[in-house]
Amino acid sequence: MVDTGFSHPLRDRLPAETAVQFGAQLPTIVRGVYYDGWKPAETPVKMSNEEFFARVRSEFPYAVEGGSERLVRTVLKSLERHVSAGEWQHLRSRVPNSFAALLP
């Protein structure tokens, strides 16, 4: 399965327990992409927001109007609609404040 360029950087940025709880709420087809190739022992990967955007940019094979930051914000907004409010708050509480600021 091929990652769209966004789910792996997000998954790898989260503590393993949070990544699993978050992934469990994703639709089945998205969940497959999300977990593909994951090595929980190697997470979380500490990265700044700029490093995160750079990783998304390097792994996402398509040009996006507005760049990787706009892509990230759009995907996060969509994910928020499909994950319970409690899980979204848990996610927000488990990431650094600088990354939490990206979350809708």
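User: Which residues in helix 4 meet which ones in helix 5?
Analyst: In this predicted model, Phe52, Phe53, Val56 and Arg57 of helix 4 meet Ser68, Glu69, Leu71 and Val72 of helix 5, where contact means heavy atoms within 4.5 Å. These residues divide into 5 nonpolar, 1 polar and 2 charged, with Ala, Val, Leu, Ile, Met, Phe, Trp, Tyr, Cys and Pro counted as nonpolar, Asp, Glu, Lys and Arg as charged, and the others, Gly among them, as polar.

User: And at what angle do helix 4 and helix 5 pack?
Analyst: Helix 4 (residues 49-59) and helix 5 (residues 67-82) pack at about 95°, and their axes are 9 Å apart; the axes are lines fitted to C-alpha atoms over the stretch in contact, with angles from 0 to 180 degrees between N-to-C directions. The two helices are therefore roughly perpendicular, since angles under 35 degrees count as roughly parallel, over 145 as roughly antiparallel, 65 to 115 as roughly perpendicular and the rest as oblique.

User: What about helix 2 and helix 3, how do their axes cross?
Analyst: The axes of helix 2 (residues 16-23) and helix 3 (residues 28-35) cross at roughly 155° and come within 10 Å, so this pair is roughly antiparallel. Ala19, Val20, Phe22 and Gly23 of helix 2 meet Arg31, Tyr34 and Tyr35 of helix 3, and the residues of this contact comprise 5 nonpolar, 1 polar and 1 charged.

User: Is isoleucine 29 buried or exposed?
Analyst: Isoleucine 29, which has its place in helix 3, counts as exposed because its relative accessibility is 67%; buried means under 20% relative accessible area, exposed over 50% and partly exposed in between, with a 1.4 Å probe and protein chains only.

User: Stepping back, how many helices and strands are there in the chain?
Analyst: The chain has 7 helices and 0 strands, both taken as DSSP runs numbered from the N terminus, with at least four residues (H or I) for a helix and at least two (E) for a strand. Of its 104 residues, 39% count as buried.

User: What does the C-alpha trace span?
Analyst: Along the principal axes of the chain, the trace spans about 30 × 30 × 25 Å.

Key:
Residues numbered from 1 in each chain as written. Predicted model: local features only at pLDDT ≥ 70, side-chain atom pairs only at ≥ 80, totals over all residues. Heavy atoms only, no water.
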